[in-house]
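Please read each point alongside the sequence and the coordinates.

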Amino acid sequence: ERVRSLTEQLRTDMDRNRAQLVQEMEQKHDLDKRAALRELTEALIPKIEGEVTQTHREEVERYQRRLDDERRRGEAKVAALEERVRQAEGELQQALEALDSMQESSAEDKEARKKLGEVVSE
């Protein structure tokens, strides 16, 4: 009976010790895992920041190129419109000169008709 009791107590102590050992190992594993994750994170942060910075720089460069392209297109449109305005001004000036010439010619024709009418009536 005593051997059985001691055996039972020994088994209980072994189970308790095993459970405690398993718990300690799990805690150590969790601590090691956290330490490894922290170390990995600390190692990756500069790399991630560098990649983010590089990506941001590339996006800024693409945006700047797009803005430059749009500015050049805008400048080309402005130049084309300015040329069209100059041409329209030239055509308008010619039309005004032609109109003035026609009005002068018309006035001269009226004057000539008036003089011709006076000469005929005399």
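Which residues gather in a patch of negative charge on the surface?

1. Glu97, Asp100, Glu104, Glu108 and Asp109 gather in that negatively charged surface patch. Patches are made of residues with over 30% relative accessible area and no salt bridge, with like charges joined within 9 Å and nonpolar side chains (Val, Leu, Ile, Met, Phe, Trp, Tyr) joined within 5 Å. Glu108, one of the five, has its place in helix α1, and with a relative accessible area of 55% Glu108 is exposed; the classes used here are buried for under 20% relative accessible area, exposed for over 50%, and partly exposed in between (1.4 Å probe, protein chains only).

2. On the basis of the note: this is a predicted model, in which local features need pLDDT of at least 70 and side-chain atom pairs count only at pLDDT 80 or more, while totals for chains, interfaces and linings use all residues. Residues are numbered from 1 along each chain as its sequence is written, and side-chain values use heavy atoms, with hydrogens and water left out.

3. On the overall fold, the protein has one helix and zero strands, where helices (H or I, at least four residues) and strands (E, at least two) are DSSP runs numbered from the N terminus. The radius of gyration is 51 Å, well over the 14 Å that the globule rule gives for 122 residues, so the protein is more spread out than a compact globule; the radius is taken over C-alpha atoms, and the rule is 2.2 Å times the number of residues to the power 0.38. Along the principal axes, the C-alpha atoms fill a box of roughly 170 × 25 × 10 Å.

4. The protein exposes about 11,600 Å², of which carbon and sulfur atoms supply 54%, the areas coming from the Shrake-Rupley method with a 1.4 Å probe, and for residues only the protein chains shown count as cover.

5. A nonpolar patch on the surface is formed by Leu37, Leu40, Leu44, Ile48 and Val52, which together have about 450 Å² of accessible area. Leu44 has its place in helix α1, which spans residues 2-121, and at 36% relative accessibility Leu44 counts as partly exposed.

6. On charge, the protein has 24 positive and 31 negative side chains, and the centres of the two sets lie 11 Å apart. Lys and Arg count as positive and Asp and Glu as negative, with His and the chain ends not counted, and the place of a charge is taken as NZ of Lys, CZ of Arg, CG of Asp or CD of Glu.

7. Side chains of opposite charge can pair when their charged atoms come close. A search of the whole structure finds seven salt bridges, each defined as a side-chain nitrogen of Lys or Arg within 4 Å of a carboxyl oxygen of Asp or Glu. Asp32 pairs in this way with Lys28, their closest N and O atoms being 3.1 Å apart; both lie in helix α1, four residues apart, about one turn of the helix, and Asp32 is partly exposed at 42% relative accessibility.

8. Asp69 and Arg72 meet in a salt bridge at 2.4 Å, N to O, and because they are three residues apart in helix α1, about one helical turn separates them. Asp69 is partly exposed at 32% relative accessible area, and Arg72 is partly exposed at 44%.

9. The side chains of Arg71 and Glu75 also meet in a salt bridge (3.2 Å, N to O), and Asp68, Arg71 and Glu75 are linked in a network of salt bridges. Arg71 and Glu75 are separated by about one helical turn because they are four residues apart in helix α1; Arg71 is partly exposed at 41% relative accessibility, and Glu75 is partly exposed with a relative accessible area of 43%.
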